[in-house]
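Here is a short briefing on one structure.

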Amino acid sequence: MPNQPSHPKTSQRQRLQQWFTRLRGGDVIVANIGQGSSDIVVGKNILKIGTLVVPALPVVIALILALAGGAAVAWMLLVPASMPQGTFNVAIAEFSQIDSQGRERITPDSALISRTLFTTIQGELQQLPADYPATVWHDSMGPLQKRVAIRTIEGATPEARAAAACKQANTLSADMIVYGMLDASSSPALLRLAFCVRDTSRNRNMGNLDELQSFDRLGSPLPIDLPLSDIQSSINPVLRVRTTLLAKLIVGLRYELSSSPAFQASLRRALAVFTDARLYLEREDGAATRENGGDLVYYFIGREQYLLFQETATPQENRATTLEEARHALLRATELNPQYARAWSALGSVYYQRIQQLPRPERHASNDFPPAFAAYQEALHSAQASHDQPAEAEAWLTLALTSWLQGDAAMFQIPADPAAAELAFSRADQQIAAATVHIQPAYNRLRGFAAMLQGLLAHDRAQIALQSRNTAAARALFQQAQQHYNACIAAGQADPGDQFLQRQIIAVTCKPYASSVALTLQQLPSP
């Protein structure tokens, strides 16, 4: 019998290739069986090992499903569905476009605006130091970067859109979500931008993030010439300027809202960013105006200067200059926008601080009382006209604080005038009561502010009673003051991240005054 031709042995790699080739053709699946195995049958679409017969195709499908399932689990575990904790999170929604027939959809133009806003804000935030983390999300990001879509913000009315935006911000764990609509029914088209700010710190940010909530201060609606090709080109200067300005303001707010203990450094960085925003407007638009958001920029500049004045780390020799720079910026903000409630409140606070810097016996004659009261009244009227309850509460409280200061000045003038002091204190009581109506339980900073004021009023009244040798009344008033100061401290404990509440209200007034009252109560004669 002739010798059979010998066949070269195939390698493992070749055998695998043959296996996949036959698999694709629906032929026999061959398994590599160890030495000593028996009763093995391989047939078309089956694999038999001993008495076990396994259809090959289901095995392959099961393998694919297992691999896919493992990949899905890994994706679910490794790719986030919400924005990270411990950073300042900004989500940019897809913008929609509405045509002359009222149809709303995402178009290349609206998508370009949304994507450009995302890249602009992302570029600005990426320049932040490592200790000021921030995250920006947009649907142009890949599936390995996030596993949830932001999409457009829908709603039949602006109020419905605002509610939907805030709901989406909660879902995403975003501190801020930016959304918008491009109205192409007119020529030029009009871009309307809006925000929802999700205050994760129980309104620790009262008076700053809320400023961006009314985005019309940045010139919305913006006229846009369609079709768009490049937002950065000179054909769309308005859109380019607003996009860049918004990014700069968000960066500045990121610094101010930091919970870093280096509060002064954060304020100085925020001030530098806001000042750069003003210079940017002057360079690109010729001047800062209400139409391009200049009033908002000046407000933030004045606010940072005022906070720096209050900061204990600011050198004493720089404080007067810092306060005057704050006054100048806030005056400019109110000149550009006479209906700017919080700018008026901040300006009144500057005059308040100028009075408080005087020796107590000289305060009653200060010429800064009239402009302080006038600024707070303007703030109150503007807040009421715009139905801004937090701003109205703030205006009432700052009015009450100035009334208290006027009464305190009457107590220490020479000769003292207790009757005038009590008249001012009674006015402050009424103003605090008016503010309380608008203070929600979660507004810890405003609650702390109101408690501090009530403590100051009870404290001064206790001093008057003590001077009148009415020890029983003095004791009761000192106890009231202590309760109010403790309530102020408790508001801070509810929001330990609010550096303003901690450093400017609790550390400066509530804690030291609570200790002083406790010592006085110990020294009073027993009833």
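**Strand pairing**

Ile 177 has Cys 196 as its bridge partner in β9. The model is predicted: local features need pLDDT of at least 70, side-chain atom pairs count only at pLDDT 80 or more, and totals for chains, interfaces and linings use all residues. Residues are numbered from 1 along each chain as its sequence is written, and side-chain values use heavy atoms, with hydrogens and water left out.

- Strand β8 (residues 176-183) pairs with β9 in the antiparallel sense, over 8 bridges. Pairing takes at least two DSSP bridges between two strands. Strands (E, at least two residues) and helices (H or I, at least four) are DSSP runs, numbered from the N terminus.
- β8 and β9 make a hairpin, with 5 residues between them.
- β9 also runs antiparallel to strand β10 (residues 222-224), joined by 3 bridges. Leu 190 stands opposite Pro 223 in β10.

**Second largest cavity**

- The whole structure holds 2 cavities of 30 Å³ or more. A cavity is a set of points on a 1 Å grid over the protein atoms alone where a 1.4 Å probe fits but cannot get out; a pocket is an open set with protein on both sides within 12 Å along at least five of seven lines; lining residues have an atom within 4 Å of a point.
- The second largest cavity has about 40 Å³ of space. Volume is the space filled by probe spheres set on the points, which are joined across faces, edges and corners.
- Its lining includes Phe 95, Ile 113, Arg 242 and Thr 243. α6 gives the largest share, 4 residues.
- The lining divides into 7 nonpolar, 1 polar and 1 charged. Nonpolar covers Ala, Val, Leu, Ile, Met, Phe, Trp, Tyr, Cys and Pro; charged covers Asp, Glu, Lys and Arg; the others, Gly among them, are polar.

**Largest pocket**

- The largest pocket has a volume of about 920 Å³.
- Its lining has 42 residues, and Gln 310, Gln 353, Leu 401, Met 452 and Gln 504 lie nearest the centre.
- α15 gives the most to this lining, 8 residues.
- By class, the lining has 20 nonpolar, 13 polar and 9 charged residues.

**Helix packing**

- α15 packs against helix α16 (residues 471-494) at about 165°, with axes 8 Å apart. Axes are lines fitted to C-alpha atoms, for helices over the stretch in contact, and angles run from 0 to 180 degrees between N-to-C directions.
- α15 and α16 are therefore roughly antiparallel, a term for angles over 145 degrees.
- Their contact has 17 nonpolar, 8 polar and 2 charged residues.

Definitions and conventions. Parallel < 35°, antiparallel > 145°, perpendicular 65-115°, else oblique.
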